[in-house]
Amino acid sequence: MKTVIKFCGAAGMVTGSCYLVRHNGLCFLVDCGMFQGSKTLKELNYGEFPFEPESIDFVLLTHAHIDHSGLIPKLIKKGFAGRVFATEGTRDLLSFMLPDSGYIQETEVTYLNRRNEQRGLPPVTPIYTQEDGEKAIEHFDLIDYQAWRDLGHGVRVHFWNAGHILGAASIEIELAPKETEGDNIRLLFSGDIGPEYKLFHPDPVGPSDIDYVICEATYGDRERKTIPPAERRKKLARVVSKALSNGGTLVIPAFSVERTQELLADISLLMSSGAIEEHIVFLDSPLAIRATKTFSRHAGNLEDIAPDGDLFKNGNFVFTRTVEESKKINQYKGGAIIIAASGMCEAGRIRHHLKRRLWDKNATVLMVGYQAPGTLGSLLLAGKKAVRIQGEDIKVRAHIRELDVYSGHADAAELQEWILKRMPIRRGVFLTHGDPGAREALSARLAQSGLSEDRVFLPALDDEFELLTVPVKEKLQTKPRLDPAVVARLDWHNDLAQLSLDIRDELDAAADERSRQKIIRRLRRALEAKPAKD
Ligand SMILES: [Zn+2]
């Protein structure tokens with residue numbers, strides 16, 4: 001029987017991580033992530049899986065990020081009855097992240113169905129609910145780092161610390177041959193690899209002498225300057241001190257899991273060493289508060305933090321859980337730091353803080369994470385003078401700052417180094433979890449390091465390869481859910497979003513009401529004109 005790997009996600013894109021392995025009548029997944037980003041990709045979450053969910057024997061999970069784990073409740077809903085093997089950190093984070101993801105699906109669908117009803121369209125059902133997310137946790141089975149675990153049927157697994165987020169692992173898999181003769185096949189799935197000097201985690205580790213490495217390539221085309229912890233904190237201290245001088249307020253949109261805890265840890269250290277003045281720090285996100293409690297519980301296994309999770313128990317930290325507590329922050333007059341989700345300002349409590357503070361020239365908004373094009377965060381960073389929040393136009397007078405010193409991902413040089421440390425790699429490297437440019441750039445780096453091009457593969461969505469054939473791989477005939485050209489191109493929704501922004505800019509810049517009317521008339525004429533032949 002053939003040993004086959006199928007790339008059911010994160011192939012030519014950075015989300016939807018999901019790989020299927022078939023071997024000796026056994027069938028299992030590594031990750032089962034949600035697609036994020038463009039509408040075309042997100043629609044894949046609603047469609048059928050490219051395999052039979054009830055035929056899957058078990059799932060191995062690299063880490064808790066939703067683009068690696070977010071479709072597990074759907075897999076169970078569709079008939080999967082096996083176990084999900086993950087580290088304790090991953091399980092603990094997902095015990096609230098999966099229900100939260102279900103809650104988001106329910107909310108989005110409620111909104112969509114209201115529109116569908118107005119348009120006479122049939123209602124849609126959520127991919128899964130909060131309750132489905134809660135039930136999914138019952139399928140979890142814990143795996144320790146650095147120890148072999150026999151899963152039966154000739155499969156053994158070994159989880160290595162990937163240094164990416166709490167609980168993250170690279171997964172080594174050993175597949176025994178069907179007959180007693182023949183060699184084992186050894187696979188290594190990188191998961192997401194963390195950078196050097198990552199707060200809380202040691203540098204990523206992994207085995208060598210592998211048949212196939214399946215490696216992420218998120219930043220395969222980007223090199224970052226290495227920033228040691230002391231320098232990172234110094235940069236943060238500069239922004240915080242400036243923002244809080246003269247009673248100013250600092251608002252930080254942050255991702256709830258890990259980035260928020262990194263900020264709290266650094267702020268706590270800076271305050272206790274006197275590098276910044278003591279101020280109230282509001283953590284205004286129920287999800288981030290739960291994540292912080294989880295980090296405290298795991299403090300004994302984390303670096304840079306006392307075993308009792310002391311860093312998060314700073315007397316200046318105020319955790320606001322209820323909506324009433326959150327609203328009260330608006331009345332707070334003295335200088336304060338407000339950390340709230342979401343990280344790109346698209347949802348969550350951060351929006352009401354921005355609405356309240358953006359007009360204030362004594363306030364500062366600090367971006368500490370990636371801002372996708374078109375998000376409110378990206379508009380603020382681009383220096384827009386006014387933004388629309390919850391139907392209201394808000395003037396931007398606050399200072400907008402960016403601090404690019406926190407990252408959960410290895411850069412190109414670190415990814416290259418991680419792969420080379422796995423040598424000898426006997427048969428091949430599959431580069432996944434990266435945009436086309438990032439994968440090609442990493443592939444070129446590997447070629448320079450002596451990994452010849454015929455050993456490095458860039459699979460497309462739903463590609464299947466037979467492993468252990470001569471030559472080293474054979475691509476099997478499959479029908480993909482999306483054409484690679486469609487995946488690489490931004491779909492028209494993004495083009496439309498950009499066009500709407502451009503029109504708005506043009507109208508804002510117009511001198512008076514008359515010129516605005518003129519622009520609108522021109523646009524209408526263009527819309528009604530016969531399309532030119534192209
Ligand atoms: Zn990740």
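Colleague: At what angle do helix 4 and helix 8 pack in this predicted model?
Modeller: Because the model is predicted, local features need pLDDT of at least 70 and side-chain atom pairs count only at pLDDT 80 or more, while totals for chains, interfaces and linings use all residues. Residues are numbered from 1 along each chain as its sequence is written, and side-chain values use heavy atoms, without hydrogens and water. The axes (lines fitted to C-alpha atoms over the stretch in contact, with angles from 0 to 180 degrees between N-to-C directions) of helix 4, residues 88–118, and helix 8, residues 286–297, lie 9 Å apart. Between these two helices, the packing angle is about 165°.

Colleague: Is helix 4 roughly parallel or roughly antiparallel to helix 8?
Modeller: Helices here are DSSP runs (H or I, at least four residues; strands are E, at least two), numbered from the N terminus. Angles under 35 degrees count as roughly parallel, over 145 as roughly antiparallel, 65 to 115 as roughly perpendicular and the rest as oblique. The angle of about 165° therefore makes helix 4 and helix 8 roughly antiparallel.

Colleague: Which residues of helix 8 make the contact with helix 4?
Modeller: Contact means heavy atoms within 4.5 Å. From helix 4 come Asp 92, Leu 93, Phe 96 and Asp 100. Their partners on helix 8 are Leu 287, Arg 290, Ala 291, Thr 294, Phe 295 and Arg 297.

Colleague: Happy to move on! How are helix 12 and helix 13 oriented to each other?
Modeller: Helix 12 (412–420) and helix 13 (residues 436–448) have axes 10 Å apart. They pack at an angle of about 50°. The two helices are therefore oblique.

Colleague: Which residues of helix 13 touch helix 12?
Modeller: Helix 12 brings Ala 412, Ala 413, Leu 415, Gln 416 and Ile 419 to the contact. On the helix 13 side, the residues are Leu 442, Arg 445 and Leu 446.

Colleague: What is omega at the cis bond between Ala 341 and Ser 342?
Modeller: Ser 342 sits in the loop between strand 15 (336–340) and helix 10 (350–357). The peptide bond joining Ala 341 to Ser 342 is cis, with omega of about 10°.

Colleague: What is the phi of Tyr 197?
Modeller: Most residues other than glycine have a negative phi. Tyr 197 lies in the loop between strand 10 (185–189) and strand 11 (210–216). Although Tyr 197 is not a glycine, its phi is positive, about 65°.
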